[in-house]
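Let us read this structure together, one feature at a time. Please look at it first.

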Amino acid sequence: MPIPIPSRHLFIDGVWREPVLKKRIPIINPTTEDIVGDIPAATKEDVEIAVEAARTAFYRNKGKDWAFASGAYRAKYLRAIAAKVAEKKIELAKLEIIDCGKPYIEAVADIEDVSVCFEFYADLAEKLDAKEKTPVSLPYPGFKSYVLKEPLGVVGLITPWNYPLLMATWKVAPALAAGCTAILKPSELASVTCLELAEVCREVGLPPGVLNILTGLGAEAGAPLVSHPNVDKIAFTGSAATGTKIMASAAQLIKPVSMELGGKSPLIVFEDVDIDKAVEWAMFGCFWTNGQICSATSRLLLHESIASEFIDRLVQWTKNIKISDPLEEDCKLGPLVSRSQYEKVQKFISTAKSEGATILYGGSHPKHLGKGYYIEPTIITDVTTSMEIWREEVFGPVLCIKTFSTEDEAIDLANDSQYGLGAAVISHDVERCERVTKAFRSGIVWVNCSQPCFCHAPWGGIKRSGFGRELGEWGLESYFNVKQVTQYTSDDRWNWYQSPAKL
């Protein structure tokens, strides 16, 4: 059963605080199209207060209260957050379903991953204490050197709506583990569970100002956060268009940024596969999370010798996907997040048709459902590489298919993209998989699967998919300043300049 959306304010300095301008944004359930609540709308006035709170928390007691406390101390709070999230798993999952339309089984799995991610970074935080002064070997007598890893300071974290709490956690957990203090600005389209994370932090006693959460519009809350001179780094996940604006703004202050900007990932399927097994991965790679996945393998490349049989089986399997209210536990495809996203995806499909592609299956609102921003899983063939549907990120359940005859042709088609987030290959030939893996121009490669993601391994792309890495130890490193310390240890004078006594 649905649960009521809690009414929250902004979370600043450890307490709930009404926005200065008292503005709110309605929450629309994408399944019913009904307004089910609202979230606070922060503006630059609230950003000022939050940045000051985060900066005070970072430097409180000369940093000893958080930034330069032991990793074990910070780990205690990360573990407490993980435990509390696990305790509230079903409640948080249902809130996320109501907010963004994610199918029940996926929402539950996402919240479980949130707990795992906080635990993982708690482990890494504890290990920092043993690496406090990492020695650097020098070939020169009389000197010794070591490296200190210190938290960057106040970080701004801007996150998307497709994995509301999980993507926030990918940034919050390592930032806090490193000793940074943070301001989280989630997407206005799905902020509910991020506000509940604030309540979790309040319940576990996270020190005031360490994590502040501002919901609101990008132009009113995100932009002033990016341009604020006392924010030391921005970590962003979202569209390339917004990422470009953030980079331009941050560049004015030479402010470091990390970017995960989506993609148009390929999946190559060779002729030696188990077709049904490969079909299921092709579907999962594009239709999971209602197709709203930055790394979706939405360009399917099939060897010409199996293409006809593969496509027939793909259509049969796709017809079997249950499209329903995402609160139903066996739902496999829910609505898109908003009306604007629904209209955007429909426009992509209609443009593909007008350019000469064939909408082989789907492409419409499901007939058995009345309201809701639903689009049937869509399979498009007769696609050319110049078509918009082949080149641009759709962010919906839309799969495009082309065929190839040789391995080299498949690799060329796969890499012919402005994006470079993910790529996948399916084949029984191990050596071929290794060759293709090396040839892919992407930050992530899946072999004989598509989309599985673990917080222990790095995540990020190249080209217009962004730069920097999240998750694993690499995600933690991005929140550190590396300070080199070199000490002269000889009792002898340096003897570079002549002493006045000898003149």
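Q: In which sense do strand β13 and strand β16 pair, and over how many bridges?
A: This is a predicted model. In it, β13 (residues 299-303) and β16 (residues 398-404) run in the parallel sense, and 5 bridges join them.

Q: What is the bridge partner of Arg 299 in β16?
A: Look across to Cys 400, which is the partner of Arg 299 in β16.

Q: What is the strand order of the open sheet of 7 strands?
A: Read it as β14-β15-β16-β13-β12-β18-β19. The pairing in this sheet is mixed. At the edges stand β14 (358-361) and β19 (444-447), and each pairs on one side only. From one strand to the next, the twist averages 25°.

Q: Which strands does helix α10 lie across?
A: Helix α10 spans residues 307-319. It lies across β12 (266-269), β13, β14, β15 (378-381) and β16. Its direction is at about 135° to β13.

Q: In what order do the strands of the open sheet of 3 strands come?
A: The order is β5-β6-β22, with antiparallel pairing. Here β5 (134-136) and β22 are the edge strands with a single partner strand each, so one side of each has no neighbour in the sheet. The twist averages 30° from one strand to the next.

Q: Over how many bridges do β5 and β6 pair?
A: They pair over 3 bridges, in the antiparallel sense.

Q: How many salt bridges does the structure hold?
A: Start with the general idea. Side chains of opposite charge can pair when their charged atoms come close. This structure holds 26 salt bridges.

Q: Which side chain meets Arg 79 in a salt bridge?
A: That of Glu 126, at 2.8 Å from N to O. Glu 126 belongs to helix α4 (residues 104-128) and Arg 79 to helix α2 (residues 71-87), so the pair ties together parts 47 residues apart in sequence. Glu 126 is partly exposed because its relative accessible area is 36%. Arg 79, at 24% relative accessibility, also counts as partly exposed.

Q: Where in the chain do Lys 483 and Glu 150 lie?
A: Their side chains meet in a salt bridge of 3.1 Å, N to O. Lys 483 sits in strand β22 (residues 480-488) and Glu 150 in strand β6 (residues 143-151). This pair links distant parts of the chain, 333 residues apart. Lys 483 counts as partly exposed, at 35% relative accessibility. Glu 150 has a relative accessible area of 16%, so it is buried.

Q: Are Asp 110 and Lys 102 buried or exposed?
A: Both are buried. They form a salt bridge, with the closest N and O atoms 3.0 Å apart.

Q: Which residues are linked with Arg 8 in a network of salt bridges?
A: Glu 196, Glu 199 and Arg 202 are linked with Arg 8 in that network.

Q: Where does UniProt place the feature "active site"?
A: The UniProt record, an unreviewed entry, places it at Glu 260. Glu 260 is found in strand β11 (residues 257-260).

Q: Is Glu 260 buried or exposed?
A: Buried means under 20% relative accessible area. Glu 260 is at 3% relative accessibility, so it counts as buried.

Q: Which residues does Glu 260 touch, not counting residues up to four places away in sequence?
A: Glu 260 touches Met 167, Phe 236, Thr 237, Gly 238, Cys 294, Leu 421, Trp 459 and Ser 465.

Technical notes:
Residues are numbered from 1 along each chain as its sequence is written. This is a predicted model: local features need pLDDT of at least 70, side-chain atom pairs count only at pLDDT 80 or more; totals for chains, interfaces and linings use all residues. Side-chain values use heavy atoms; hydrogens and water are left out. UniProt positions are given in the numbering used here, feature names are shortened, and annotations may be inferred rather than shown by experiment. Helices (H or I, at least four residues) and strands (E, at least two) are DSSP runs, numbered from the N terminus. Buried means under 20% relative accessible area, exposed over 50%, partly exposed in between (1.4 Å probe, protein chains only). Contact means heavy atoms within 4.5 Å. Two strands pair if DSSP finds at least two bridges between them. Axes are lines fitted to C-alpha atoms, for helices over the stretch in contact, and angles run from 0 to 180 degrees between N-to-C directions. A salt bridge is a side-chain nitrogen of Lys or Arg within 4 Å of a carboxyl oxygen of Asp or Glu.
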